[in-house]
Amino acid sequence: MTDSPDARLRTALSTQRALALLDDSARDTLAAAARVVAFDGEAAVDADALYLLLDGHIDLIDADHGGRVALAPGELFGYGTAARVPEPWTVRADRGARVARFAAADIDAACATHPALRAFIVPGGNPGAASRSSDPHLNLMTTPVRALVKRAPITLAPDTTIRAAAQLMREQRVSSVLIVDEAGHLYGLVTDRDLRNRAVAQGLDIERPVIDIATVAPMTMDVRKPAFDALLLMARHNIHHVPVMDGDRVAGMITATDLTEQHSTSAVYLAGDIYKQTTVEGLAAAASRVRQLQQNLAAAGATAYSTGHIITAVTDAITCRLVQLAEAKFGPAPVDYVWVAAGSQARSEQTAKSDQDNCLVIDDSYDAALHGDYFKAFATWVCDGLDACGYIHCPGEMMAMTDQWRQPKARWMQYFRKWVDQPEPKALMLTCVFFDLRAIYGKTTLLDELRRDVLAHTRDNRIFLAYMVGNALSHTPPLGLFRSLSTIRSGDNKGTLDLKHNGIVPVVDLARVYALAGGHDAVNTHDRLAVAAASGEISEQAARDLRDALEFIATLRIQHQARQLAAGLNADNFLRPDELSNFERSQLKDAFSVVQSLQNVLGQRYQAGRF
């Protein structure tokens, strides 16, 4: 049975993770071309069609290998996705299941006009063929975590003996088991490493309950999340086993080997190697592989958004390991602290070309006379270590090794309140750096409390926001008369476009103003734009346009740097227009025009006194 596209279909398109990247016009076009079909039982599907589950439940079944994947409303399968049909999967639907069918030609057209969609859908219909030569973790953007769960969870009760747990793991040939209670609630996780390090190596009685050696309340991943999110979780926290949850129910377990092949430039294994290092020299050697990682990501066509998160996850691992080694060298900290990243690392928007911006927020029990020497030596050692790993010292000395940026929380609150209440040029510059903060290591609540105080002070603060708008408009896209590209006129970079300061920074600045105005705690620029649209600080259409513009400009920058690295050159942000095709130049002009237009809107709002 077939109905015509309706408002419900349009709503489904606007809320689906991938298709929401389209603008309203593109979604309307796709909706008009769709067929809404009711499925019941084993359904006949076309190899050259993409399907969106609207209502009910569908199972994808691989009869040859015994695989079964349950889909929920809002998920895609078929053409261009990892869940291709009819091979190797067949489709079995519950009564009442409804799907929207999109022809391959319509999907290819949408991907051509909205490149960001390629993060989830591969034109040509065969993601596997398109990416066999690429870095394996890129397919994880299109693969839901549920697709990686290969078997039912192996579980044990908390009072099971360590011996029985080891025997079960041997029999089931698994490297981990989940500890659950009678009601099925997850208590903990035990891995073969726990058996080795916490039981055997410690001479523990193996008749003791397995909960004694478990990791209690482990980090988990929702079954509906993209597998890419699981990769980032593992890379950032140096873990290799993650329980998968379907609501409160344990759905299974995924491991690092489920996510990516083990090779030197995979983010998960690179992060794991970083945590094994015991010297700065070893960390520097590991960090040198980031350049190759970025080249692989660019060659594979990774989105700028995913590249930034992957590269930043490695930086986070290096920073955490340096802090751990500093604690081993200087002894435990005398009072609580949190090491905080600022700038592009905080926003998860780094590339292989990055300096360091960081600070230290210390508990208010800090006493400079008693604790000052420890934290100065500690912070200097970590910052010097980052410099040795390729994250050069910040030219403006905005680092934790600088006395001014290594302070107790109360002092940081004084800084921010002064900058907000007296927004002179230097204060605005410091606000731009230090409003983008993310906890990396230590007592994270120190930063959480600071952030809440700052946001409460900036939200609806019209005078401060007006100054921030003026500051945001100081970086403008390089567009001349009649939309011509305006290159740098003199100096070493004459004839180039500065993709960072005249392309990416203006979008970052706009998103930061929206976040300050709305009191939002998001840090990543894409996330800030999405939250600002949801709260009404900016229209949905404008937010999508800015995200697409940022994605395109940042992708050009990453590809430019990858070409330089492949040629043995140092990466920079200066692109010659003749490196671009006519099509790319046209798209770049469009992206710059979007940014320029939104800057004008913000400027007019400021001039009209609406702040």
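Which residue is the bridge partner of V361 in β17?

1. The partner of V361 in β17 is Q407. Strands here are DSSP runs (E, at least two residues) and helices likewise (H or I, at least four), numbered from the N terminus.

2. This is a predicted model: local features need pLDDT of at least 70, side-chain atom pairs count only at pLDDT 80 or more, and totals for chains, interfaces and linings use all residues. Residues are numbered from 1 along each chain as its sequence is written, and side-chain values use heavy atoms, leaving out hydrogens and water.

3. Strand β16 (residues 358-362) pairs with β17 in the parallel sense over 3 bridges; two strands pair if DSSP finds at least two bridges between them. Both belong to an open sheet of 4 strands, ordered β17-β16-β15-β18, with mixed pairing. The edge strands, each pairing on one side only, are β17 (406-408) and β18 (437-442). From one strand to the next, the twist averages 30°.

4. Helix α12 (residues 304-330) packs on this sheet, touching β15 (337-342) and β18, and its direction makes about 40° with that of β18. Helix α15 (residues 409-421) lies across β16, β17 and β18, running at about 105° to β17. Axes are lines fitted to C-alpha atoms, for helices over the stretch in contact, and angles run from 0 to 180 degrees between N-to-C directions. Contact means heavy atoms within 4.5 Å.

5. T191 is located in strand β10 (residues 186-191). T191 counts as buried because its relative accessibility is 9%, the cut-off being under 20% relative accessible area (1.4 Å probe, protein chains only). Apart from neighbours within four places in sequence, T191 contacts M169, S175, S176 and H241.

Conventions. Buried means under 20% relative accessible area, exposed over 50%, partly exposed in between (1.4 Å probe, protein chains only).
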